Amino acid sequence: MKIQPPQYDFPESYFDPAAPIGEWVRYHHDCSNKPDKSLSIIRTPKGWGWKCHRCGIHGFKSARGLSPEEMIKWKNTISNKPYQEEKEVQLPPEFTENIPPEGLAWLYTMGLTDTAIKEYGIGYSPVYDRVILLVYDDEELVAWHAKSLGITKPEIIYMRKKGMPIYFKVQKGHSRVVIVDNIFAAIKIGQFADSYGLMTIKLSDALAKNLANRYDKILVWLGPRKERKVSKFIIRQRALGYPVSAIKSDKNPKILLPEEIGEYL
Ligand SMILES: [Zn+2]
């Protein structure tokens, strides 16, 4: 049986080639007696997706077939706003734990095992055609990263909850914690110690104070490019009385294999 392409009869103006990537935009859609008369359409790196919670219509329109003028506009705005914020973070559309081979290959290249991929709920969104890394804070989904598998720009789309600092935390009851700058390093270190991925947040006195309340030892491992910044931070934290020290390595821990990471810890 041939799969039918999604049916829709929305005005062409609903498919804005310059809409922000990864953001739901509301358009008029009168399909029921309920007061809500809107339809949310999201621009993805490949086209537009939509879903109506009232009548259940959903579908996807590819950016292929745009006029030359629109196509140029599409291309020029593809990296618009690589991150966005919401009051509540939802999973990306059609999120699944079924990751295609090229996504798995990328995760393996980053040193992750099948066990870690499962443990951290890493998945895939076919609508975005991206691997999705999830960030939780006490069971609540507070952010996700969507990594492009091909040449689609931007390379990463980042969604986060508004109004709170977001760390990627691995908390397994170890007595020491390692501060790193990204999710992959945090996951791999998680086999040996608790870890905090800074994501986009800077090192701060408040973070050191918070961690010193819960851990005997705080290690900072941000890779060779940030060594000077880390040294300054550590001098300051020691003066404040916090048990902070640095791990130095020639490479950022995110590209080290788990067993190599173990040697530093
Ligand atoms: Zn509807």
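User: Before we start, what counts as a nonpolar core here?
Analyst: A nonpolar core is a set of buried Ala, Val, Leu, Ile, Met, Phe, Trp, Tyr and Cys residues joined through C-beta atoms within 7 Å. Buried means that 20 or more other C-beta atoms lie within 10 Å of the residue's own, with C-beta atoms placed from the backbone. This is a predicted model: local features need pLDDT of at least 70, side-chain atom pairs count only at pLDDT 80 or more, and totals for chains, interfaces and linings use all residues. Residues are numbered from 1 along each chain as its sequence is written.

User: OK, how many residues has the largest nonpolar core, and which have the most contacts inside it?
Analyst: That core has 50 residues, and Trp144, Ile179, Val180, Ala186, Ile218 and Val220 have the most contacts inside it. Helix α4 (residues 183-189) gives the most, six residues; helices (H or I, at least four residues) and strands (E, at least two) are DSSP runs, numbered from the N terminus.

User: Which domains does this core draw on?
Analyst: It draws at least three residues from each of domain 2 (101-161) and domain 3 (168-264). The bounds come from an automatic or database domain assignment, which also gives domain 1 (12-80).

User: What is isoleucine 179 in contact with?
Analyst: Leaving aside neighbours within four places in sequence, isoleucine 179 is in contact with Tyr196, Leu198, Ile218, Val220 and Trp221. Contact means C-beta atoms, placed from the backbone, within 7 Å.

User: Back to the domains: how many residues of domain 2 are in contact with domain 3?
Analyst: Eight residues of domain 2 are in contact with eight of domain 3. The domain 2 side has six nonpolar, two polar and no charged residues (Ala, Val, Leu, Ile, Met, Phe, Trp, Tyr, Cys and Pro count as nonpolar, Asp, Glu, Lys and Arg as charged, the others, Gly among them, as polar).

User: Switching to sheets, what's the order of the five strands?
Analyst: They form an open sheet, β10-β12-β11-β13-β14, with mixed pairing; two strands pair if DSSP finds at least two bridges between them. β10 (168-170) and β14 (244-246) are at the edges with a single partner strand each, so one side of each has no neighbour in the sheet.

User: Are β11 and β13 parallel or antiparallel?
Analyst: Strand β11 (residues 176-180) and strand β13 (residues 217-220) run parallel, joined by four bridges. Arginine 176 has lysine 217 in β13 as its bridge partner.

User: And what about the four-strand sheet, what order there?
Analyst: The order is β1-β2-β3-β4, an open sheet with antiparallel pairing. β1 pairs with strand β2 (residues 38-44) over five bridges, and histidine 28 stands opposite serine 38 in β2.

Technical notes:
Buried ≥ 20, exposed ≤ 12 C-beta atoms within 10 Å, placed from the backbone. Contact = placed C-beta atoms within 7 Å.
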